[in-house]
Amino acid sequence: MTSVRTAPLALFGGTPVHDRNWPVWPQGSAATLRNLQEAATSGRWAISGTYQGAPCFEQRFARAFADYHGVSYAVPTTNGSSALTIAMEALGVGPGSEVIVPGLTWVACASAAAALGAVPILVDVDPGTLSISAAAAEAAITPQTRAILVVHAYCSAADIDAFVALSERTGIPIIEDCSQAHGAEWNGRKVGTFGTIGAFSLQQTKVLTCGEGGITITDSPELYDHLQQFRANGRRFTAKPVVGEMDLEEAGTVEGHNYCMSEFHAAVALAQLEDFDKQQAHRLANAARLDAELARIPGVSPLVLPANLTKRTVYDYVIRLNPDVLGPFSVSRVVSALAAELNCFVETLDAPLNANPLYVPLKSPRLPDSDEVRQLFHPGRFELPEATAAFHSCVALLHHSLLGTDDDMTAIVTAVDKVVANIDHLRPEQ
């Protein structure tokens, strides 16, 4: 490795560490193709189609996903954003209310609340796990707080014990966003089952995907009824379907939307669930090796794993670079250098939501003209020092890289070591 460390970076014309192909993602299986063919010839392509004598793929996937998590109910949606939306609506989020949201996460976590007229209250993350800080969330509670969005992020997890205790003390419900944590377990229990509602994205990059999709889970019959209606224009599945007729009944106890997952997406998701645990085991084995070997490089470390996180999920595999050890560097240049060495996609973390170019609620036509109201939605009013520090010091590999071989993992370690050894070449221009 010593000779590699002294070789020119691939970014500047040197020889890359890895020039082979990486595993593709998503991975279509034989079951995926069978399910798609069955859906295509079933006579039903959406839940608004007619009942054909057997549960549709949407119901089959919902049942399988609920069973996988050990909960009573699941409601699929068009995407993760709509899953968050109906979860918030089911808990009464709307104008005049606030939702506590981690400041380091995907933009939809905040924009879903803002679109409902609720003020997203951005709070900082735990510097070890990079998931939402329970202490920061508690400090942000006001009489207007209607929900706390607990996002389990970056191969780690939020301190769910602390959030459950906080919810019990205050009566404020928790929505667990597990879009980066499918299958993760806290004390042997699946995340997403501790909060009042669990929400998941099934978008293309997720470890469980159908291209575009989402799903919510709950144990509450009342919330299940509302979640169904919010995603299907006030309709819900009837208990006694009739062949040749729609098996949706018009309830209309809430004002719903059309956020229904198609039969094709549900067919793919159901097939993908069959391979999920095997793929997870592969990623976890490679992640454990990377954790151990990367930690031997001065200035490099994996994220902290809470002791109660008995099984993690590898989504974005985060590599933390310590500026106190390595000195100042440009994280975007590090990303470019690693991508050139590895011949694969490498990324920064999401930009903190107080400075994220995609989170621009003041540009929304739904926002009132009132200066006082607009100031409440201004992202820049929130200070997020830990989220900002993480954004400038961490890089991430997408999870399908960890479906690679032992040689691929060796290449990742070698590439990180090489880039760190050449960090002087990646420092910001003076």
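Me: Which residues lie nearest the centre of the second largest pocket?
Reply: This is a predicted model. Its second largest pocket has a volume of about 360 Å³. The pocket is lined by 22 residues. Those nearest its centre are Ala114, Ala115, Gly117, Leu367 and Phe377.

Me: Which element gives the largest share of the lining of the largest pocket?
Reply: The largest pocket has a volume of about 660 Å³. H4, H5, strand E8 (197-201) and strand E15 (346-348) each supply at least two lining residues. The largest share is four residues, and it comes from H4.

Me: How many charged residues line the largest pocket?
Reply: Its lining holds 33 residues, with Trp106, Gln203, Lys206, Tyr315 and Asp350 nearest the centre. Of the lining residues, 16 are nonpolar and eleven polar. The charged ones number six.

Me: Is H4 parallel or oblique to H5?
Reply: Helix H4 (residues 80-90) packs against helix H5 (residues 108-115) at about 45°, with the axes 9 Å apart. An angle under 35 degrees would count as roughly parallel, and 65 to 115 as roughly perpendicular. The angle here therefore makes H4 oblique to H5.

Me: How many nonpolar residues are in the contact of H4 with H5?
Reply: The crossing is right-handed. H4 contributes Ser81, Leu84, Thr85 and Met88, while H5 contributes Ala108, Cys109, Ala112 and Ala113. None is charged and two are polar. The nonpolar residues number six.

Terms used: Residues are numbered from 1 along each chain as its sequence is written. This is a predicted model: local features need pLDDT of at least 70, side-chain atom pairs count only at pLDDT 80 or more; totals for chains, interfaces and linings use all residues. Side-chain values use heavy atoms; hydrogens and water are left out. Axes are lines fitted to C-alpha atoms, for helices over the stretch in contact, and angles run from 0 to 180 degrees between N-to-C directions. Angles under 35 degrees count as roughly parallel, over 145 as roughly antiparallel, 65 to 115 as roughly perpendicular and the rest as oblique. A crossing is left-handed if the near helix is turned anticlockwise from the far one by less than a right angle, and right-handed if clockwise. Contact means heavy atoms within 4.5 Å. Ala, Val, Leu, Ile, Met, Phe, Trp, Tyr, Cys and Pro count as nonpolar, Asp, Glu, Lys and Arg as charged, and the others, Gly among them, as polar. On a 1 Å grid over the protein atoms alone, a cavity is a set of points where a 1.4 Å probe fits but cannot get out, and a pocket is an open set with protein on both sides within 12 Å along at least five of seven lines; lining residues have an atom within 4 Å of a point. Grid points are joined across faces, edges and corners, and a volume is the space filled by probe spheres set on the points.
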